[in-house]
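Subject: Structure handover

Hello,

Here is the structure we spoke about. Please open it alongside this message; my notes follow below.

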Amino acid sequence: MELVKKATNYIIDNKNKVNQTYRSKYHMEPTVGWMNDPNGLIFVDGEFHLFYQSNVYDSRPSDMAWGHFISKDLVKYVETDIALYPDGKEKGETGCFSGSSFIENNEMKFVYTKHYEGETVEKNLETQFICKTKDKIHFIKDASPCIDENELPDYVSTTEIRDPQIFEFEGKCYLILGGRTTDHRGLIIVYSGKDSTSLHFDFIIGPFEETYCMVECPSFVTVDGKDVIVYSAYRNGPSNGVYYIIGEFRPEDKTFDILAKGELDFADAFYAPKLIENYEVPTILGWLENWNKKHVTHELNHHWVGSFSFPRVLSIKDNELYQNFHHVIYSYCVNEEKITSGDISRASLVSFAFKGDFSLVLEGLDGGLTLYSKDGFILLDTLKANNMTGMVFKSRKQYEQGNISFLLDTSSIEIFICEGRETISTRFYIL
């Protein structure tokens, strides 16, 4: 608890050192320091509790803790006490990695990955622990892990199993988490039991092509009557991807029957989305960044990095998973119907219809973006942007006509194609 208090006090004492130039208007960001994966997102007692991977002491990842936002509406938020902090190398914990919240016996709990960073990858250890709270601010870690990784098949790596989610399905308790095989193929691991105190290994989902070399941050959710798992995949490339499977979760047959698969976002700033638990609307929030790239606010020594995506509501059409902005955006931002080139405001919601090829140039003070279509594909050219990782992103599908909406904020853009059939998310820093 002393380490938690120290980190919380550091936020209070150092928040005035943060350069506010690129802080967002509609996105949740750390008060100070580094942010990555959303953790433990849950709606309880009329409030959203939204945790995230945090390093308050630097704008780079290290000694990962759990930061904590509280919000009434998913836009306005306050940052409260650090929820979890690693116990230290001498106690076998150098990081509190990602996890999820859940309700059990009318109590809010969460499950997280206790990470120990060894001298080599083979010496890393990752185990899953449950935490309890009486006030939703202060959390106590259980003394023992909630699952036994020694129950896993020999072909599953036990050095990289993380990001658990606990949920109830047809009266039984399930835990899923990301992992990989010993020859580096991603998979989803399933444990089950009568409750979170009696979980045992059940079965494996995958590997298949879209699980690449490691699965992270899986979330199970029912959308429009179908079972869905949204997960992230480490691809060992310039950026990692977010994917989904739609089908039928059939634990009695130790399988997930996959009816359809797809990718959620095809740019470089959307990763590790998690479901908001205990919320009637199937909604995810992702890390509006990615690994293996430069992070501008760190390079500029602004003392912070990272953002949540704007909340995205899930739906299914023709066996494809669609995303759309949570309706709360319309309480804050008027939708602008326009398609003109030129200067842009620091924060705006824009939508327009298109038929055939189009080109829209978004110009900032220090760089620009071009959103256009060619041969039916939607492209976003960031080569002249100021995000230090300029690329051209291209839709997977072709469109003769349709509509596009995008939310432009001070340091990001999230583009939704044809009611959210596909999305493009990247960083763009507007002075």
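Which residue in S16 does Glu248 stand opposite? The model is a predicted one, and in it Glu248 faces Asp257 of S16. The two strands concerned are S15 (residues 241-250) and S16 (residues 255-265), which pair in the antiparallel sense over nine bridges. Together S15 and S16 make a hairpin with four residues between them. In that turn, Lys254 has a positive phi of about 55°.

Next, an open sheet. Four strands are arranged in the order S5-S6-S7-S8, with antiparallel pairing. Strand S5 (95-104) and strand S8 (139-141) are at the edges with a single partner strand each, so one side of each has no neighbour in the sheet. From one strand to the next, the twist averages 30°. The link between strand S7 (residues 125-133) and S8 consists of three bridges, and Thr133 stands opposite Phe139 in S8.

Last, the nonpolar cores. The largest has 25 residues, and those with the most contacts inside it include Phe352, Leu371, Ile404 and Phe406. Elements giving two or more residues to this core include strand S24 (348-355), strand S26 (367-374) and strand S29 (401-409). Apart from this core lies another, of 23 residues, among them Val223, Val242, Leu275 and Trp287.

Leaving aside its neighbours within four places in sequence, Phe406 is in contact with residues including Phe325, Phe352, Leu371 and Ile415.

Regards

How values were computed
Residues numbered from 1 in each chain as written. Predicted model: local features only at pLDDT ≥ 70, side-chain atom pairs only at ≥ 80, totals over all residues. Heavy atoms only, no water. Core = buried A, V, L, I, M, F, W, Y, C linked by side-chain atoms within 4.5 Å. Buried < 20%, exposed > 50% of the residue type's maximum accessible area, 1.4 Å probe, protein only. Contact = heavy atoms within 4.5 Å. Pairing = 2+ DSSP bridges. Axes fitted to C-alpha atoms, helices over the stretch in contact; angles between N-to-C directions.
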